[in-house]
Amino acid sequence: MRTITTEIEIEAAPAAVWEVLIDVAAYPEWNPFLREATGRLAVGERLNFRAYPPGSSPISLKPRVLAKTPPHELRWIGRLLMPGVFDGEHIFTLTATSDGRTRLVQAERFTGILVPFTGKLLNNTQAGFVALNEALKKRVEGS
């Protein structure tokens, strides 16, 4: 198992961050990591993403939405071939800070027999998460 965790503080309330985060159709306008995205963010639904990890080839993903709890948590799971080969559970957690900002934590827990062989890809994926966080912050703050 391997977990990637990134976080950022955004100068806006969780509800404002949430609205940008769940607007999958607008991802191509601002999201450098998930540049291609379609689907309905509803529990049980499948999404279609094309991820662009810096330094790696693009990856097509078809995760299933596991949780959508406005404006606090969005979670999905993607799998390669079948469960146990290479699974990634992706979680966005939004928490209000005492000064009215949002702490966004983006994490993914990777499990499966191929995880030990994906070091470079997962390092590049972490860089993609950081880029997504920074772009989300810029989009929400309007800067």
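Guide: Gladly! Keep in mind that this is a predicted model. Let's begin with E108, which is buried yet has no salt bridge.

Visitor: How far away is the nearest side chain of opposite charge?

Guide: A salt bridge needs the two charged groups within 4 Å. For E108, the nearest side chain of opposite charge is R109, and that is 9.4 Å away.

Visitor: Which side chain does E108 join in a polar contact?

Guide: That partner is H90, with a contact of 2.6 Å between the two side chains. As for its place in the fold, E108 is found in strand β8.

Visitor: Which residues lie nearest the centre of the largest pocket?

Guide: E108 is one of them, along with I59, L61, F86 and F110. In total, 26 residues line this pocket, and its volume is about 460 Å³. By class, 16 of the lining residues are nonpolar, six are polar and four are charged.

Visitor: Which element gives the most to that lining?

Guide: That is α3, with four residues. Strands β3, β4, β6, β7 and β8 each supply at least two.

Visitor: Now a loop residue, please. Is N31 buried or exposed?

Guide: Buried means under 20% relative accessible area. N31 has 2% relative accessibility, so it counts as buried. You will find N31 in the loop between α2 and β2.

Visitor: Which backbone nitrogens lie 3.0 Å and 2.9 Å from a polar atom of the N31 side chain?

Guide: The one at 3.0 Å belongs to F33, and the one at 2.9 Å belongs to L34.

Definitions and conventions. Residues numbered from 1 in each chain as written. Predicted model: local features only at pLDDT ≥ 70, side-chain atom pairs only at ≥ 80, totals over all residues. Heavy atoms only, no water. 1 Å grid on protein atoms, 1.4 Å probe; cavity = no way out; pocket = protein on both sides within 12 Å on 5 of 7 lines; lining within 4 Å. Points joined across faces, edges and corners; volume = space filled by probe spheres on them. Nonpolar A, V, L, I, M, F, W, Y, C, P; charged D, E, K, R; others polar. Buried < 20%, exposed > 50% of the residue type's maximum accessible area, 1.4 Å probe, protein only. Lys, Arg positive; Asp, Glu negative; His and termini not counted. Polar contact = N/O pair within 3.5 Å; in protein donor to acceptor, adjacent residues only side chain to side chain.
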